[in-house]
Amino acid sequence: MSSGSTPFDSILIVDDDPLVCAIAQAAFAQMGIQEVATASDGRQALEYFASNPHPAFILCDLNMPNMDGLQFLRHLADRSYTGEIGIVSGEDAAIINSARLMASKYGLTIRGTVAKPLDVDKIRTLLDQDKSNAGAATPGSSPAFSRNDLVFALVNRDIKPVFQPKICTRNGKLFGAEALARWSHPDLGPIPPARFIPFAEQEGLIDAVTGAIARETLAALAKWSRHLPTMKMAVNLSGDVLTNVELPELMLSLCRECDVDPAQIVLEVTESRIMNDSALPIEILARLRMNRFELSVDDFGTGYSNIDRLREFPFTELKIDQGFVRNAAHDAFAEKCVRASADLGRALGLRLVAEGVETADEYDYMRALEVDLIQGHYFSKPLTFDLFTEKYFQSRAEVA
Ligand code: C2E
Ligand code: CA
Ligand code: CA
């Protein structure tokens with residue numbers, strides 16, 4: 001990261017371990033941040049506040065003598081601290097997660113959490129998160145684009161899918177792909193889906209976005225299917241779309257229009273969005289399944305669902321949440337979640353997908369767990385239609 005890209009000009013490190021303070025100071029210095037202060041516990045940090053302005057960022061340990069991190073966070077909320085906070089801790093994931101939840105309930109902004117042992121790269125990643133989440137919807141932040149911009153983008157076809165391969169662990173071959181929406185704004189540049197999908201939901205435009213993505217995705221599938229007739233293509237459905245009774249008929253007519261078999265389409269639904277009590281999403285999902293569309297439960301493990309609830313929906317695939325996948329190797333809780341998700345999925349006869357696999361170790365681990373499909377940067381980032389064609393179907397002329 002260049003010194004200019006960090007959004008913070010002043011930082012306070014609160015940790016009783018001098019080594020942690022030294023590592024963090026070195027990392028911040030490398031990023032060109034000049035103003036870095038340290039405190040060895042919450043009490044000292046509050047004393048620092050008495051004679052200094054609030055720092056833009058606080059890196060905070062949890063387990064400290066005198067005043068621990070949890071108490072300190074409460075004091076920060078009392079002082080209406082508006083900067084960002086990074087939690088760094090040697091405690092297990094459940095405790096770190098509780099601290100995070102508590103802080104957000106106090107209205108504090110948690111940038112991220114880092115597990116000890118600390119190193120310079122972890123600090124860089126924590127501060128760099130701003131780039132990958134650039135523009136991610138944060139409560140209270142208003143988008144820099146308007147409803148009209150989104151309507152214009154839809155009319156102008158500025159919202160398009162990119163495709164990330166799903167690879168079979170059994171034979172290493174291409175199984176299919178997931179379509180992920182991208183908005184390329186003429187003035188603002190690329191806007192990530194984490195920002196415009198919630199906005200489209202809020203503005204009642206999500207059906208139009210889904211329709212635009214589905215249409216292009218099915219057209220791509222029709223072309224690729226000539227070479228790989230078994231190929232499956234996933235489209236994400238927002239929870240709001242599952243209140244549109246017309247959805248099954250819309251999807252069927254798109255399939256007819258593009259001449260693809262519904263059995264080749266996987267509709268991914270985020271777990272937390274369907275686990276409420278309404279009947280309509282169940283009806284819509286059941287009708288889609290009756291028409292042979294496949295249904296995938298996305299981000300599994302994040303939505304507190306129980307087995308009974310899962311059985312009530314006619315899913316065919318389960319995607320283990322990437323947060324668990326990434327942490328499974330070094331976090332006992334995440335490891336147990338991954339194992340339990342895989343066991344549950346298998347018991348229900350679902351195809352298992354591990355998402356967010358970035359390293360060879362993560363890949364080997366998921367293979368050993370007998371997960372069926374792998375998706376993640378380890379194989380490929382999401383690709384445009386042309387790049388995907390080039391990578392998996394060699395000559396573009398064959399497909400176009
Ligand atoms: P998701 O459905 O869970 O999609 C997976 C996200 O993880 C994608 O982010 C993908 O680019 C990213 N990813 C995949 N492999 C890796 C990896 O190895 N490492 C890392 N760091 N990331 C990886 P993306 O494209 O930014 O999409 C974010 C979310 O936006 C999606 O999460 C999905 O919930 C939503 N979304 C995207 N396209 C659509 C759409 O057309 N309709 C709806 N309703 N939601 C969409
Ligand atoms: Ca998905
Ligand atoms: Ca996911």
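**A calcium pair and a pocket**

The calcium ion (ligand 2) lies 4.2 Å from the calcium ion (ligand 3), and aspartate 298 coordinates both. This is a predicted model, in which local features need pLDDT of at least 70 and side-chain atom pairs count only at pLDDT 80 or more, while totals for chains, interfaces and linings use all residues. Residues are numbered from 1 along each chain as its sequence is written, chains are lettered from A and ligands numbered from 1 in the order in which they are written, and side-chain values use heavy atoms, with hydrogens and water left out.

Glu178 (OE), Asn236 (OD1), Glu268 (OE) and Asp298 (OD) coordinate the calcium ion (ligand 2) at 2.1 to 2.3 Å. Donors are N, O and S atoms within 2.8 Å of the metal (3.2 Å for Na, K and Ca); water is not among the atoms, so sites may look incomplete. Along the chain, the donors of the calcium ion (ligand 2) have the spacing E-x57-N-x31-E-x29-D. Asparagine 236 is in strand E9 (residues 232-237) and glutamate 268 in strand E10 (residues 265-270), so the pair ties together parts 32 residues apart in sequence. Strands (E, at least two residues) and helices (H or I, at least four) are DSSP runs, numbered from the N terminus.

Asparagine 236 is partly exposed, at 29% relative accessibility, whereas glutamate 268 is buried, at 1%. Buried means under 20% relative accessible area, exposed over 50%, and partly exposed in between (1.4 Å probe, protein chains only).

The lining of the second largest pocket includes Leu154, Arg157 and Glu216. A pocket is an open set of points on a 1 Å grid over the protein atoms alone, where a 1.4 Å probe fits, with protein on both sides within 12 Å along at least five of seven lines; lining residues have an atom within 4 Å of a point. Helix H6 (147-155) and helix H8 (206-225) are the elements that give two or more residues to this lining, and H8 supplies the largest share, six residues.
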